[in-house]
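Biologist: Hi! Could you walk me through this protein, starting with the overall picture and then some details?

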Amino acid sequence: MTSSVSSPGSQFLSLHLLETLVAVLPVRDENGAPKSIVYGGTERHMITSQARRRAERVHTRNRANAGVGSLAGRGTGTRTREWALITARALASEHGWEPEEAVRTARAVIEATGLKFGDPGKKTVANLTKVLLFAPSDAGARIAAHIEEQAGAVRAWADAYTAAQAAATAASASARKKGGRKSAAQEEAHGGDVAEGGVEAGAGSAGDASAAEAKLPALPAATRAAVLTALAPRDAIDIALYGRFLAEIADSPNVDGAVQSSHAFTVHEAEQVDDFYAAADDAKLDRKRSPKPQEKTALDFLDAADDAGAGMTGYQSLITGTFYRHAVLDRLKLRRNLRAAGMTEEEAEEASVAAEAEFVTAFVDAFPEAKKNSTASTGSLPALVLAFEGERPYNYAAAFQNPVDENPVGGGGEGPAGPAAVKRLLKHHAFVSGRRPDIKAGRVLTYDPQIDELLGTLKDTGALTVTSAEELTA
């Protein structure tokens with residue numbers, strides 16, 4: 001089926017970026033080490049697309065909420081497990097509910113809609129959903145407004161629901177207790193063997209708990225519809241861009257995002273340093289430097305035993321390199337997502353143009369914030385951004401399958417990775433463009449004066465040089 005929505009230019013906007021980072025650690029694995037892949041027979045550092053996408057999404061949301069950029073004032077989303085707490089805060093602050101009742105009611109309403117929550121016996125997770133839910137930022141306020149509007153009916157239902165839930169929990173606990181104490185006859189019948197898990201299967205076990213849970217009163221239809229409407233993507237632009245998946249509620253719409261993102265990787269072999277650090281103990285050093293005579297204390301003996309003054313020491317891994325990353329925007333899917341969320345054709349067209357401009361800005365400017373204070377990584381600017389339109393996505397990672405050899409050109413190498421990668425990328429693009437007639441509207445942007453000079457020496461790049469991110473898109 002074809003859409004009646006017309007998109008400017010071609011369906012896909014492909015973006016390619018080269019950036020040089022020095023002594024940073026934007027992402028790390030479970031052991032605190034940099035992430036890496038093996039490509040072209042050599043190890044490369046990697047910055048995951050998940051880290052990049054979140055940085056871009058938050059960058060877009062913060063600018064919109066601050067009234068900056070093409071999406072100023074438009075709706076955006078929040079990805080969190082705290083929707084019950086957010087709803088409860090709205091009930092308490094805007095509608096005067098007691099905080100404890102507000103939390104209990106909000107959790108019951110959202111749980112009965114289909115979302116699972118953490119263990120009620122653990123305070124830290126009891127009121128958090130088990131999965132992150134990406135929903136419009138005003139979803140909690142909308143749910144709270146409905147609960148207040150239907151306060152009488154919702155309160156009565158919530159009391160019955162929590163009472164039934166408590167009864168189910170008690171029955172389940174009793175069943176587990178009974179299942180762990182087998183009668184002498186059962187022991188003899190089973191030859192003294194204990195059922196797997198130490199609980200006898202059958203009556204008085206999980207079956208009774210499930211039966212008790214099945215007796216929980218159903219959430220009123222109007223309230224369930226209100227919650228689903230509040231959690232639906234609606235006009236949240238970043239949900240239309242990046243998508244969301246919610247398996248727990250079958251009738252809550254999922255969104256196949258309009259943005260595809262690749263993992264970034266170094267164009268050359270990985271270069272890593274394990275940096276030793278020592279953190280000073282201010283109080284200890286202040287005592288040593290104090291000109292005033294003081295009475296001897298036990299601390300003085302500790303100082304004498306450790307003249308170094310370090311409060312703690314350790315290692316951190318840092319990476320350096322020139323990274324290639326790629327993303328593509330499906331303009332047609334973006335318009336379809338916004339239409340599916342309830343916008344008219346004209347509204348979807350206007351919002352899509354604004355969203356495309358902001359997406360390009362975020363792709364260029366946003367950066368993961370891990371260790372930003374100790375490495376100033378978020379201040380990095382791309383060496384080169386290449387943008388072009390086409391009737392399909394184009395990924396140019398193959399240009400760097402052979403790692404860049406940073407040895408001097410006279411010695412058989414390609415020289416510094418940044419300029420070498422720019423040459424490779426643009427040569428690759430010019431070559432592909434000559435064989436794919438759908439590729440058009442190529443543009444390049446650089447924030448590096450050396451790269452700018454280099455662009456002036458290249459004969460055929462297949463792209464027009466621009467001076468701002470806004471000019472990268474039609």
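This is a predicted model: local features need pLDDT of at least 70, side-chain atom pairs count only at pLDDT 80 or more; totals for chains, interfaces and linings use all residues.

Biologist: Great. How many helices and strands does the protein chain have?

Modeller: The secondary structure comes to 16 helices and twelve strands.

Biologist: And what percentage of the residues is buried?

Modeller: Of the 474 residues in the protein chain, 43% are buried. The chain exposes about 24000 Å², and carbon and sulfur atoms supply 52% of that area.

Biologist: What share of the contacts comes from residues 24 or more positions apart?

Modeller: Among contacts with a separation of 6 or more, such residues account for 76%.

Biologist: What sort of residues are they, by class?

Modeller: The lining of the largest pocket has 13 nonpolar, seven polar and nine charged residues.

Biologist: How about the second largest pocket, how much space is there?

Modeller: About 280 Å³. Its lining has 14 residues, and Arg79, Phe134, Tyr242, Gly243 and Arg244 are the closest to the centre. The elements giving two or more residues to this lining are α1 (49-65) and β5 (133-136), and α1 has the largest share with four residues.

Biologist: And the classes there?

Modeller: Seven nonpolar, two polar and five charged.

Biologist: Let's switch to salt bridges. How many does the structure hold?

Modeller: It holds 19. One of them joins the side chains of glutamate 350 and arginine 74, at 3.7 Å from N to O.

Biologist: Why would you say that pair ties parts of the chain together?

Modeller: Glutamate 350 lies in helix α13 (residues 345-365) and arginine 74 in the loop between α1 and β4 (77-80), so the bridge ties together parts that are 276 residues apart in sequence.

Biologist: Is glutamate 350 buried or exposed?

Modeller: Exposed, because its relative accessible area is 54% and the cut-off for exposed is over 50%.

Biologist: Got it. What does arginine 331 pair with?

Modeller: Arginine 331 meets glutamate 356 in a salt bridge, with 2.8 Å from N to O. The arginine is in helix α12 (residues 331-340) and the glutamate in helix α13, 25 residues apart.

Biologist: One more pair: which residue forms a salt bridge with glutamate 414?

Modeller: Arginine 424, with the closest N and O atoms 2.7 Å apart. Glutamate 414 sits in the loop between β10 (384-390) and α15 (417-433), while arginine 424 is in helix α15, ten residues away. Glutamate 414 is partly exposed at 29% relative accessibility, whereas arginine 424 is buried at 17%.

Conventions: Residues are numbered from 1 along each chain as its sequence is written. Side-chain values use heavy atoms; hydrogens and water are left out. Buried means under 20% relative accessible area, exposed over 50%, partly exposed in between (1.4 Å probe, protein chains only). Contact means heavy atoms within 4.5 Å. Accessible areas come from the Shrake-Rupley method with a 1.4 Å probe; for residues, only the protein chains shown count as cover. Ala, Val, Leu, Ile, Met, Phe, Trp, Tyr, Cys and Pro count as nonpolar, Asp, Glu, Lys and Arg as charged, and the others, Gly among them, as polar. On a 1 Å grid over the protein atoms alone, a cavity is a set of points where a 1.4 Å probe fits but cannot get out, and a pocket is an open set with protein on both sides within 12 Å along at least five of seven lines; lining residues have an atom within 4 Å of a point. Grid points are joined across faces, edges and corners, and a volume is the space filled by probe spheres set on the points. A salt bridge is a side-chain nitrogen of Lys or Arg within 4 Å of a carboxyl oxygen of Asp or Glu.
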